[in-house]
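Trainee: I have a structure to read and would like to go through it in questions. Where do we begin?

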Amino acid sequence: MDTTPLDLDPYLFEILSQANHIVALTGAGVSAESGIPTFRGEEGIWKKLKPQELASMKGFLKNPDRVTEWYQHRRDIIDKVKPNPGHIALAEMEKEFRNVTVITQNVDGLHQQAGSSNVIELHGNIYRNYCIDCGKRYDYGQMKKSEGVPVCDECGGYIRPDVVWFGESLPMAAFNEAERSAAAADVMFSVGTSAEVYPAAGLPRTAKAHNAYLVEINPQHTDISLIADDSIRKPSGEALPKILKQYLEWKKTSTD
Ligand code: BJW
């Protein structure tokens with residue numbers, strides 16, 4: 001790995017040292033280095049597969065077996081991977097800063113596995129499932145045993161993953177909490193998200209409107225780049241540990 005320090009504005013360290021609330025909005029890019037494909041871009045899932053067929057209620061009702069198989073395939077990938085240094089650095093920030101909130105669009109649970117204790121899941125979690133007719137909840141073990149779309153043992157309805165598909169509302173309590181956190185952030189890191197999907201993509205703007213210092217971490221330009229105070233064009237598995245390390249070094253020299 002490249003060990004060259006990042007060229008960071010010392011003002012970021014000053015704000016971090018006084019911050020009450022640090023928020024990270026994360027997307028698929030933060031899990032890319034763990035081996036989970038992103039959605040958009042050259043290597044993204046949506047290059048080969050159609051979101052309206054796999055990530056919408058209409059697509060599920062049209063071909064429930066195919067959607068079930070696709071989610072099972074993704075669970076199989078996630079089962080085999082581990083949090084990467086980016087997830088771990090965000091979890092370690094909790095030791096250094098008062099309030100750290102991770103708002104994630106990811107459904108993979110890797111932030112929690114890395115040790116982050118305050119994670120808001122905006123788009124659900126791939127390991128939870130529920131019946132589309134009666135709402136009965138099912139755990140992962142029960143889902144694994146099924147071939148094709150599983151049906152509810154109470155009412156016979158199809159069981160689907162507890163994730164947010166296009167055209168569906170985000171879980172209201174989670175989104176309200178995310179908006180409150182974004183508004184309270186002194187520093188927001190926007191990490192590994194194309195910021196194309198709303199309403200999550202609006203959260204960095206909420207943070208900026210409330211005077212947060214906004215740092216984007218993404219190898220590619222996004223709409224967030226236009227409003228960010230700093231854009232770090234590095235993979236998050238490299239950038240986040242370096243930010244934490246460089247901050248701790250700065251803190252040590254500034255208190256010596
Ligand atoms: C790295 C890296 C590394 C790579 N390190 N970085 C017009 C305006 C506003 C809204 C809309 C609109 N038209 C339609 C809408 C609504 C729609 C929407 O936003 N559509 C846009 C596409 C235009 N939104 C919705 O429908 C949402 N609901 C909603 O709005 O409710 C109200 C409503 C009700 C009724 C009708 C209409 C609206 C719901 C959105 C649900 C999104 N669901 C998915 C699937 C979740 C389940 C699953 O995982 O299967 O969520 S789609 C997919 O996109 C997934 C992600 O969470 C989401 C965001 O993607 P993300 O995380 O940003 O990933 P990528 O792949 O896009 O980007 C990865 C980035 O990482 C890239 O930039 C890379 O460069 C970078 N990267 N390696 C750092 N190592």
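**Reading the model**

Mentor: Y130 stands opposite R137, a residue of strand 5. Keep in mind that this is a predicted model.

Trainee: How many bridges join strand 4 to strand 5?

Mentor: Strands of a sheet pair through backbone hydrogen bonds, either parallel or antiparallel. Here strand 4, residues 124-131, and strand 5 run antiparallel. The number of bridges that join them is two.

Trainee: Which residue has a side-chain atom 2.7 Å from an oxygen atom of the ligand?

Mentor: There are 33 residues around the ligand, and R40, Y71, R74, T193 and S194 come nearest. At G167, the polar atom 2.7 Å from a ligand oxygen belongs to the backbone. The polar side-chain atom at 2.7 Å from a ligand oxygen belongs to T193.

Trainee: What percentage of the ligand's exposed area does the protein bury?

Mentor: A polar backbone atom of S236 lies 2.9 Å from a nitrogen atom of the ligand. The ligand exposes 1,500 Å² when taken alone. Of that area, the protein buries 73%.

Trainee: How many charged residues does the shell around the ligand have?

Mentor: The shell draws at least three residues from each of domain 1 (1-36 + 83-123 + 169-256) and domain 2 (46-80 + 128-163). Sorted by class, 15 residues are nonpolar and 13 are polar. The charged residues number five.

Trainee: How far apart are the closest N and O atoms of K251 and E96?

Mentor: Side chains of opposite charge can pair when their charged atoms come close. The structure holds 16 salt bridges, and K251 with E96 is one of these pairs. K251 is in helix 12 (residues 236-255) and E96 in helix 7 (residues 85-96), so to speak distant parts of the chain, 155 residues apart. The closest N and O atoms of the pair are separated by 2.4 Å.

Trainee: Which peptide bond is cis?

Mentor: Most residues other than glycine have a negative phi, and most peptide bonds are trans. The loop between strand 7 (187-191) and helix 11 (203-209) holds P199, and A195 lies in the loop between strand 7 and helix 11 as well. A195 has a positive phi, near 55 degrees. The cis bond, with omega near 5 degrees, runs from Y198 to P199.

Definitions and conventions. Residues numbered from 1 in each chain as written. Predicted model: local features only at pLDDT ≥ 70, side-chain atom pairs only at ≥ 80, totals over all residues. Heavy atoms only, no water. Near = heavy atom within 4 Å. Polar contact = N/O pair within 3.5 Å; in protein donor to acceptor, adjacent residues only side chain to side chain. Areas by Shrake-Rupley, 256 points an atom, 1.4 Å probe, with all protein chains shown as cover. Nonpolar A, V, L, I, M, F, W, Y, C, P; charged D, E, K, R; others polar. Domains from an automatic or database assignment. Pairing = 2+ DSSP bridges. Helix = DSSP H or I, 4+ residues; strand = E, 2+ residues; numbered from the N terminus. Salt bridge = Lys/Arg side-chain N within 4 Å of Asp/Glu carboxyl O.
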